[in-house]
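Visitor: I'm new to looking at protein models. Could you show me how to read one, step by step?

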Amino acid sequence: MAKQHPIFTIGYEGASVAAFVAALREAGVALVLDIRAAPVSRKKGFSKTPLAQHLSEAGMGYRHLRGLGTPKQGRGAARSGDHDSFERIFRRHLEEPEALLDLGEALSPAGVQPICLLCLERDPEQCHRLIVAERTS
C-alpha cells in the first residue's frame with residue numbers, strides 16, 4: 001500500500017500573505033485546497049485569484065473545492081457560538097452530492113503529494129477543516 005502524504009490544515013486569520021506562504025513552504029505543502037464556500041476575503045491577498053498567484057509563485061498549486069465549504073446555516077451557527085449545531089449541520093452537508101464529489105477531489109491528490117486544507121478560522125478546533133481532514137484520512 002502506498003504511503004499517504006500528510007494532510008495539513010491552515011487558517012489565514014491574522015496572518016500576512018508572506019507568513020502564510022512561508023508556513024506552507026516550510027511544511028512542504030504542494031497543493032492548497034481552499035475549502036471556503038466563497039473564496040473571497042476582505043483581507044488583501046487571500047481571495048481566490050491573488051491567493052492562487054502567490055501560491056504559484058512559491059511553487060504550490062491551488063484548487064477551490066466549494067462543495068467542502070460550510071453552508072450558510074452552519075456559518076450562522078458558528079458565528080453565534082453554537083459549535084454543536086455548526087458541526088451537526090456541516091457533517092450533514094458532507095453527505096450532499098457536491099460535497100461528496102469534492103471530498104473525492106480532495107482525496108485524490110492526498111495520496112501523491114502533501115496537501116493543505118485552507119479556511120479563514122485560526123483555531124482548527126472551531127473550523128470545519130478538521131472534519132474534512134478526518135474524512136480524507
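Predicted model: local features only at pLDDT ≥ 70, side-chain atom pairs only at ≥ 80, totals over all residues.

Visitor: Let's start with paired strands. Which residue stands opposite Leu117 in E4?

Guide: To read a pairing, pick a residue on one strand and look across to its partner. Here, Leu33 is the residue opposite Leu117 in E4. Strands E2 and E4 run parallel and are joined by four bridges.

Visitor: How many bridges join strand E1 to E4?

Guide: Five bridges link E1 (residues 7-11) with E4, and these two strands run parallel. One place to look is Ile7, which has Ile115 of E4 opposite.

Visitor: And what joins E2 to E3?

Guide: Four bridges do, and again the two strands run parallel. Along this pairing, Leu31 faces Gly61 in E3.

Visitor: In what order do the strands form the sheet?

Guide: To find the order, step from each strand to its partner. The four strands make an open sheet, E1-E4-E2-E3, with parallel pairing. E1 and E3 (61-64) stand at the edges with a single partner strand each, so one side of each has no neighbour in the sheet. On average, neighbouring strands are turned by 25° against each other, direction ignored.

Visitor: Which helix packs on the sheet and touches E1, E2 and E4?

Guide: That is H1 (residues 17-27), whose direction makes about 170° with that of E1. Helix H6 (residues 129-136) packs on the sheet too, touching E1 and E4, and its direction also makes about 170° with E1.

Visitor: Now for the side chains. Are the residues of strand E4 buried or exposed?

Guide: For this, check how much of each residue's surface is left accessible; under 20% counts as buried. In E4 (residues 115-119), five of the five residues are buried. Ile115, Leu117 and Cys119 point one way, while Cys116 and Leu118 point the other way, and all of them are buried.

Visitor: Could we finish with one residue? Where does Asp34 lie?

Guide: Asp34 belongs to strand E2, which covers residues 31-34. Asp34 counts as buried because its relative accessible area is 0%, and the cut-off is under 20%.

Visitor: Which side chain makes a polar contact with that of Asp34?

Guide: Look for the side chain of Tyr62: a polar contact of 2.6 Å joins the two. Leaving out residues up to four places away in sequence, Asp34 touches Pro39, Tyr62, Arg63, His64, Leu65 and Leu118.

How values were computed:
Residues numbered from 1 in each chain as written. Heavy atoms only, no water. Buried < 20%, exposed > 50% of the residue type's maximum accessible area, 1.4 Å probe, protein only. Polar contact = N/O pair within 3.5 Å; in protein donor to acceptor, adjacent residues only side chain to side chain. Contact = heavy atoms within 4.5 Å. Pairing = 2+ DSSP bridges. Axes fitted to C-alpha atoms, helices over the stretch in contact; angles between N-to-C directions.
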